[in-house]
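Reader: I have just opened this one and would like to talk it through with you. Could you take my questions as they come?

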Amino acid sequence: MTLAECRSTRPAFAELVEGVAGLRDVPKRTLSVRTLLHLPRLAGPGGAIRRSDVIAELRLNANRLQTDHQAIAHLVPNDEIPLADLHFVELGRGVADQIFSRLHYLRSARSGSLNFALVDPVHRRPVTLCSVSLLEWARVARQLRTQFDVPPDSAWEVSRVYSFAVAPTNAISFLLAKVRQALRAVKDASVMTTAVDPNLGFGGASYRAANWQRWMSVQARPYLYVDGMYASPRQLRLRFGGANLSDLRRANPANRFEQSRVPLLDSWIFCCRLDGTTETIPPEGQRRLRR
């Protein structure tokens, strides 16, 4: 198989995901994203992956996901609720952190964030949730200021989104619209932004449905792994004090540090003005930012 086949909508990978998810009783979409995050570690420079390795990685991630679901079973919604009946709330950090740390593909929550959710009206369990915080990505912030006249410290980033399997259609786009309204009350907030990673099978459909626009892209960098588990540079710095693999290997010989070798697709930066219409930027006007 190839990595391109796995992250596309072709049935070769989707059928494997469905089969393993059914056996382990875990959500297909969450399993697919988690596995796509780890497959680049196994792919050769040309993107080829043995089918047996794909199946093994699916099973491994399904077992981990099963454990994560059990750990927060009291927060997992079971009933399908119509979109109109869900309540929009600002979510307490304790609940949001538990869900993001267990079920989001990064398995971590962004500290210092505001968290919002659509909750069921009876048990008040989140069905779809997201976290937002001031944009920390300096390169994106500079481009927003230079090209779109967005003042410093006025851009907010959607850093985490998670939707349970029982969430109704359009739940994420509906939540994003509600968050946009809520952020209008924040002093100096003018733009919401987020990064969409197509390597994980994401296409930005929920953002487009909420009238966001793709404004730029960012050059991909290799995925990093510790002992076979994905770790972002932020997570490496928090855990080990740095993100340079050569330094980490010397300082931590008991751990295995790896990075992907296959070329990855660039991340897409979607944006939304809090007031007025968000400009549509043609492909030739979208800048590619380098790392």
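Reader: In which sense do strand S3 and S4 pair, and over how many bridges?
Author: Bearing in mind that this is a predicted model, strand S3, which covers residues 126-134, pairs with S4 in the antiparallel sense, and seven bridges join them. One of the bridges links Thr128 to Ser163, the latter being its partner in S4.

Reader: And which way do S4 and strand S5 run, parallel or antiparallel?
Author: S4 and S5, the latter spanning residues 191-196, run parallel, with three bridges between them. Among these pairings, Ala155 has Val191 as its bridge partner in S5.

Reader: How many of the nine residues of S4 are buried?
Author: Seven of the nine are buried, so strand S4, residues 155-163, is largely enclosed by the rest of the structure. For the chain as a whole, buried residues make up 48% of the 291 residues.

Reader: Stepping back, what does the secondary structure of the chain come to?
Author: The chain has 10 helices and 11 strands. Of the contacts with a separation of 6 or more, 76% are between residues 24 or more positions apart.

Reader: What radius of gyration does the chain have, against that of a compact globule?
Author: The chain has 19 Å, which agrees with the value near 19 Å that a compact globule of 291 residues would have. Along its principal axes, the C-alpha trace spans about 50 × 45 × 40 Å.

Reader: Changing topic, how many positive and negative side chains are there?
Author: There are 40 positive and 26 negative side chains, and the centres of these two sets lie 6 Å apart.

Definitions and conventions. Residues numbered from 1 in each chain as written. Predicted model: local features only at pLDDT ≥ 70, side-chain atom pairs only at ≥ 80, totals over all residues. Heavy atoms only, no water. Helix = DSSP H or I, 4+ residues; strand = E, 2+ residues; numbered from the N terminus. Rg over C-alpha atoms; globule rule 2.2 N^0.38 Å. Buried < 20%, exposed > 50% of the residue type's maximum accessible area, 1.4 Å probe, protein only. Contact = heavy atoms within 4.5 Å. Lys, Arg positive; Asp, Glu negative; His and termini not counted. Charge placed at Lys NZ, Arg CZ, Asp CG, Glu CD. Pairing = 2+ DSSP bridges.
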